[in-house]
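Trainee: Please take a close look at a single part of this protein, and set it in its surroundings.

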Amino acid sequence: MSLFDSRPKFAVHVAQTDETFPCAGNESLLTGMVRLGRKGIPVGCVNGGCGVCKVRIVEGQIKALGPISRAHVTLDEENQGYTLACRVAPQTPVNLEVAGKLSKPFSKGRAESATASPSIQQQ
């Protein structure tokens, strides 16, 4: 990608964080957010396999960039506007809501305690 990205962009608004970021019409909503160092949509595997980036499109048009696993978004959910942010690109300005939690799936405290070596008692 060029330093001067001249691709047309669409505004993407994340309801829970009240943050808006530009996203090109040929990049995923998730890639646009991550590219700018934004937070809001949880990031997992970035290829549709984990379902962590599940969102509901409240307003706007999107296009699919690849298949969306029915294990993560059922047909009924898709009809209600749910999708995976890593598998769709905006075609107009988009307002979305994050379907899952807005925190990382593993907090720093848990990771440290899970990987910490057992304490050795001094005598």
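Mentor: Two residues are in contact when heavy atoms of theirs lie within 4.5 Å. Among contacts in the protein between residues at least 6 apart in sequence, 60% join residues at least 24 apart. This is a predicted model, in which local features need pLDDT of at least 70, side-chain atom pairs count only at pLDDT 80 or more, and totals for chains, interfaces and linings use all residues. Residues are numbered from 1 along each chain as its sequence is written, and side-chain values use heavy atoms, with hydrogens and water left out.

The part I take is E27. Its place is the loop between β2 (19–24) and α1 (29–35); helices (H or I, at least four residues) and strands (E, at least two) are DSSP runs, numbered from the N terminus. E27 counts as buried because its relative accessibility is 6%, where buried means under 20% relative accessible area, exposed over 50%, and partly exposed in between (1.4 Å probe, protein chains only). Leaving aside residues up to four places away in sequence, E27 touches R7, G32, R35, L65, V88, A89 and P90. A polar atom of the E27 side chain also lies 3.0 Å from the backbone nitrogen of A24.

S6 is in the segment before β1 (9–14). At 70% relative accessibility, S6 counts as exposed, whereas E27 is buried. Over the whole protein, buried residues make up 30% of the 123 residues.

Now the setting. The protein has three helices and seven strands, and its elements run β-β-α-β-β-α-β-β-β-α from the N terminus on. Five strands form an open, mixed sheet in the order β2-β1-β7-β3-β5, where two strands pair if DSSP finds at least two bridges between them. β2 and β5 (82–84) are the edge strands, each pairing on one side only. From one strand to the next, the twist averages 40°, with axes being lines fitted to C-alpha atoms, for helices over the stretch in contact, and angles running from 0 to 180 degrees between N-to-C directions.

K54 lies over the face of Y82, at 5.7 Å from the ring centre; a charge sits over a ring if NZ of Lys or CZ of Arg is within 6 Å of the ring centre and within 35 degrees of the ring normal.

Note on methods
Polar contact = N/O pair within 3.5 Å; in protein donor to acceptor, adjacent residues only side chain to side chain.
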